[in-house]
Amino acid sequence: MVVSGRQTGRPTLEEVAARAGVGRGTVSRVINGSPRVSEQARTAVERAVAELGYVPNRAARALAGSRTDAVALVIPETEARLFTEPYFLDIIRGVSVELADADKQLLLTLIRDDKERQRFEHYLAAQRVDGVLLVSVHREDPLPDQVRMLGLPAVLNGRRSEEEPVAFVDSDNVGAGRSAVAHLAGRGRSRIATITGPLDMYVARCRLDGYRAGLAEAGLAPDESLVATGDFTEEGGRLAMRDLLERGPDLDAVFAASDVMAAGARSVLREAGRRVPEDVALVGVDDSAVARHMDPPLTSVRQPIEEMGRTMARLLLQEIAQESAEQPRRVLPTELVVRASS
């Protein structure tokens with residue numbers, strides 16, 4: 001390619017993408033013959049390739065055409081959270097069962113900082129796996145897009161926004177918040193607080209939206225002093241509950257956006273002399289072992305976590321086999337399980 005009379009070397013995949021007005025991953029799929037591209041995008045890429053004189057790296061294409069029979073499951077968390085929170089273990093169980101049935105090797109990868117992220121990106125660029133499953137994604141997480149740019153199939157657990165371009169499996173998180181508040185209001189609670197997850201995660205924002213919708217449907221006025229932000233950890237639940245008691249000491253119910261945070265909230269309520277459910281009713285999300293073993297047992301919105309893992313793996317296998325030209329999206333239903341805490 002020549003710019004202002006200077007030779008700049010052969011054109012890159014990024015330059016083809018810019019000329020065609022598409023993403024790098026789309027260019028990669030066209031070059032590798034994937035059917036998962038619209039005819040309009042394919043035509044634009046082919047025109048840009050011809051205009052720029054782009055020559056694909058044949059060695060890379062040959063490598064990309066091979067199969068490793070391995071799938072990476074990426075969890076951007078520490079070992080402590082991985083092995084103490086039931087959610088991750090249930091996802092891993094569902095994924096591993098489905099991949100084992102398909103004779104695929106599971107590569108579990110924890111990413112805790114930018115250095116580990118960069119190392120993993122180099123690993124993916126070497127085409128050592130056939131596809132990637134990503135769990136616990138945050139709004140600004142670049143990894144899903146980087147996986148797509150490499151032309152690798154990917155499926156997310158959850159999504160980063162309503163317009164998520166990558167295939168995903170999610171649960172009805174708005175419905176989870178709505179059903180929890182409807183239940184609490186139906187039990188006569190009127191000062192219903194919530195402990196959210198981190199608000200840079202779409203799942204947390206959706207559960208908060210559901211909480212607010214539930215208040216509106218019950219005819220209860222919203223009160224931002226009854227909203228505290230957590231981080232899906234037990235300690236985060238404790239800190240948020242202390243904050244709520246300071247700002248809204250007359251609260252009579254709490255919807256925590258996870259069972260683990262509800263457990264943290266329960267310990268603070270006990271320290272404060274508040275009885276559950278007599279003084280403060282409590283509802284969580286996940287319907288995990290944590291909910292069943294709490295004292296009293298926790299009312300929780302069940303999401304089918306293991307089935308989410310299995311569905312993610314099935315969709316990824318279909319993507320690897322190029323059985324669908326569309327980006328699959330699945331939203332699984334949730335269900336309120338009533339116990340003694342409410």
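How many helices and strands are there in the protein? Color by secondary structure and count 14 helices and 14 strands. Helices (H or I, at least four residues) and strands (E, at least two) are DSSP runs, numbered from the N terminus.

Before moving on, note that this is a predicted model, where local features need pLDDT of at least 70, side-chain atom pairs count only at pLDDT 80 or more, and totals for chains, interfaces and linings use all residues. Residues are numbered from 1 along each chain as its sequence is written, and side-chain values use heavy atoms, with hydrogens and water left out.

**Whole protein**

Show the C-alpha atoms. Along the principal axes, they fill a box of roughly 75 × 45 × 35 Å. Of the 342 residues, 52% are buried. Buried means under 20% relative accessible area, exposed over 50%, and partly exposed in between (1.4 Å probe, protein chains only).

Now select the charged side chains: Lys and Arg count as positive, Asp and Glu as negative, while His and the chain ends are not counted. There are 44 positive and 51 negative side chains, and the centres of the two sets lie 3 Å apart. Each charge is placed at NZ of Lys, CZ of Arg, CG of Asp or CD of Glu.

**Aromatic pairs**

The structure holds 2 aromatic pairs. Rings of Phe, Tyr and Trp (its six-membered ring) pair if their centres lie within 6.5 Å; planes under 30 degrees apart count as stacked, over 60 as edge-to-face and the rest as tilted.

Select Y87 and F88. Their ring centres are 5.9 Å apart and the planes meet at 85 degrees, so this pair is edge-to-face. Y87 is buried at 17% relative accessible area. F88 is buried too, at 3%.

Next, select F120 and Y123. This pair is stacked, with 6.4 Å centre to centre and 15 degrees between the planes. Both residues lie in helix α7 (residues 114-125), 3 residues apart, about one turn of the helix. F120 is buried at 5%, whereas Y123 is partly exposed at 28%.

**Strand β11**

Select residues 281-286, strand β11. Why is it largely enclosed by the rest of the structure? Because 6 of its 6 residues are buried. One side carries A281, V283 and V285, the other L282, G284 and D286, and both faces are covered.

Finish at A253, which stands opposite A281 in β11.

How values were computed. Two strands pair if DSSP finds at least two bridges between them.
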